[in-house]
Structures are given as C-alpha cells and as structure tokens.
Amino acid sequence: MNLEIQKYIKEYVDRMQAKGITPTIEQINAHLANLIHNMNNAPKEGFEGYSSSEISKVLYEPFDSDSVLQFNSLTSEQYNQMPIFRQVKYLLQTLAEHEIKLTAAGFLPPSLVKVLYPLGVSEYCIDSGLNKLSKEADSNSVTLARYITTAAGLIKVRKGILSLTTNGFKIMNDDAKLFKHIFEAFCLKFNWGYFDGYKSEQIGRFGFGFTFILLSKYGDLKREETFYAQKYFNAFPLLMDGIDPGYGTVINYCESCYSVRTFERFMLHFALVEMSRERRYNVPKFITKTVLFDSLIKIRPHKESK
C-alpha cells in the first residue's frame, strides 16, 4: 500500500511539474486524501461488492442508522417464533409474578428449567434420551437464555435471589424493545466462545453482520456451511493468524468454529436459519435462511461515494 501511494504521489508531482507547476505540500496532501477516500469507498469483491468504509460500519457500528444492515420491526407473532425470545419472555413474566431463589450453585431451579427448555432450540442429547434434563447445566439453551437476559440488563441476582431490573420490568411487555435488547446483547456483549473450546474469541462474533450480508444474498438456496465460512475468512483472513488447532488444518478448524458459533449457537436460536444434516461424524450441515430472516433484516446496496 505504501509503494502504491508513493507511486501515486510521484505520478501526480511529475504531471504537475511537466506543466511547469511545483505542487505545494497542501496540494499533495489534498490529492492524497482524495486517493484514500476513493480507495476506502470503492467496491471490493471480497466484501461482496461493498467498500471498506461500509464494511467498517458493519463491523464496529452494525446497528447504526447509516449501516448497510437495517433491522425491521416484527409482529409479536413473529418475535415469538424465535426460541430464545420465548424463553426470555417466559423468564421475565415469571419474575414479574415472584422472585426466584437460585440453587446453591447459582442456577435456575429444575422446575423452571423443565418449563424453559421446550420453549427453546431442541438439543439432540436431551431429546434422544442420551442426557437427562434435571438441572440448568444440562441445557445450553436454557443457560444461554439466562446469560443473555442478564447481559441485556433485564435481570439481576442479589444474595442468591433472581429478580427483574427496573428496565426489565419496563420493557417486558414491549416485544420490539425486548427483542432489541436481547439481540444486541447477544451480538455485542455475549462471549460467543462460552460453550466451546475453540482457541479464538473473535471468530463468528467479529463481522457477524457480514454473515447477514452473505445470507441475504445467497441464503435462498441450501448451501453447505463451508460456503459461508470460506467467504467469511476470505473477507477477514487475519482471524486465522496465530491459530494452532493441535490437530487437522487451521482452515478446517476455523471453519468449524465459525459454523458452530454462527449457525448452531446464534442464528438457530433466533430462527434466522434452517439447518439440516445427518447425525454422522464429519457430515456437513446445510444452511438456508428463513422467511423470518428476510422479514427482520434488510441489506442496503452498495452506495457510490461522491
């Protein structure tokens, strides 16, 4: 990049001197600023035709009104199609009736866990009978719902008692505000690596908005999970730097991490994708976006910079 800039400046100075004009430092800087502006706002193939400036907004201010990503309001019926939304809402409604005493280990009581679990994403080991649902730690979806509700600032724990916060009580019956709180908490505050042992905290959560762009563009057709993973790491290759999987290849390890976190542990909980696979070792998953995805998320086209 530095060589390209030096070449650009030299060519500019040479053109001006050929006209008998020696440009000032101010003129050179202004010309350089124009180059950098054009470079940052030019569409890039690796970013699916979006510019570096647009993707930067997606990465660091994804919910800003100027972002390529736009989120629509849904009906209550649509919000209640989301497993994690149903779990969170039931938990808040229960707490509105009475506070909940946690177990000695700090978990939700088993009786509540057994009500929350069927509202969420099904878990093979529980539904198949391999594991028994007897406590919160047996279900990732129930634990996730509690963590996200806490991260969203809707519930609090004091001396082993779980209760609503003031904000939780205020928005619990406003489905649009409730969704916004838990969705943004998941995207921006929750550690996506909490349920796994992958050696990166960034993969998946970093650039989650870019995955929305990919799904909006390609998600009508059933595609293997690796299709999205490859495009994700093509856009953000530095996420693979320094990864030592200990077994297999770095790319396979990173693609697996991305897929598990993005599709199984994020989008399924919000009913944004459908995922199909055979339950055999090393069989790929196939991903399609849902009708709910298109109702919720709209992607603006690349905007040419002036």
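**Helix 3 and its cover**

Biologist: What covers the buried residues of helix 3?

Modeller: The cover includes strand 1 (69-71) and helix 11 (208-218). Contact here means heavy atoms within 4.5 Å. Helices (H or I, at least four residues) and strands (E, at least two) are DSSP runs, numbered from the N terminus.

Biologist: And which residues of helix 3 are buried?

Modeller: Helix 3 spans residues 52-60, and its buried residues are E54, I55, K57, V58 and L59. Buried means under 20% relative accessible area, exposed means over 50%, and partly exposed is in between, with a 1.4 Å probe and protein chains only.

Biologist: Where do these coordinates come from, and what is left out?

Modeller: This is a predicted model, in which local features need pLDDT of at least 70 and side-chain atom pairs count only at pLDDT 80 or more, while totals for chains, interfaces and linings use all residues. Residues are numbered from 1 along each chain as its sequence is written, and side-chain values use heavy atoms, with hydrogens and water left out.

Biologist: Fine. How many helices and strands are in the chain?

Modeller: The chain has 14 helices and eight strands. Its C-alpha atoms fill a box of roughly 85 × 45 × 35 Å along the principal axes. Of the 306 residues, 43% count as buried.

Biologist: What share of the contacts join residues at least 24 apart?

Modeller: That share is 63%, taken among contacts between residues at least 6 apart in sequence.

Biologist: Now the core. Which residues touch the most other members of the largest nonpolar core?

Modeller: They are M82, I182, F212, F236, F266, F270 and L272, out of 77 residues in that core. A nonpolar core is a set of buried Ala, Val, Leu, Ile, Met, Phe, Trp, Tyr and Cys residues joined through side-chain atoms within 4.5 Å.

Biologist: Take F212. What does F212 touch?

Modeller: Leaving out residues up to four places away in sequence, F212 touches L69, F71, F183, F266, M267, L272, F293, I297 and I299.

Biologist: Switching to helix packing. At what angle do the axes of helix 8 and helix 10 cross?

Modeller: The axes of helix 8 (residues 140-151) and helix 10 (residues 175-188) cross at roughly 100 degrees and come within 8 Å. That makes helix 8 roughly perpendicular to helix 10. The contact is made by L144, I148 and A151 of helix 8 together with I182, A185 and F186 of helix 10. By class, this contact has six nonpolar, no polar and no charged residues.

Biologist: How are those terms set?

Modeller: Axes are lines fitted to C-alpha atoms, for helices over the stretch in contact, and angles run from 0 to 180 degrees between N-to-C directions. Angles under 35 degrees count as roughly parallel, over 145 as roughly antiparallel, 65 to 115 as roughly perpendicular and the rest as oblique. Ala, Val, Leu, Ile, Met, Phe, Trp, Tyr, Cys and Pro count as nonpolar, Asp, Glu, Lys and Arg as charged, and the others, Gly among them, as polar.

Biologist: T143 is in helix 8 too. Is T143 buried or exposed?

Modeller: T143 counts as buried, because its relative accessibility is 7%. Not counting residues up to four places away in sequence, T143 touches E136, A137, Y194 and F195.

Biologist: How many bridges join strand 6 to strand 7?

Modeller: Four, with strand 7 covering residues 286-289. The partner of E274 is T288, and that of S276 is F286. Strand 5 pairs with strand 7 over two bridges, where R223 has I287 as its partner.

Biologist: What do strand 3 and strand 4 form?

Modeller: They form a hairpin with two residues between them, and K159 in the turn has a positive phi of about 55 degrees. Four bridges join strand 3 (residues 155-158) to strand 4, in the antiparallel sense. I155 stands opposite L164.

Biologist: What about I161, buried or partly exposed?

Modeller: I161 counts as partly exposed, because its relative accessibility is 26%. I161 lies in strand 4 (residues 161-164). Leaving aside neighbours within four places in sequence, I161 is in contact with E99, I100, K101 and K156.

Definitions and conventions. Pairing = 2+ DSSP bridges.
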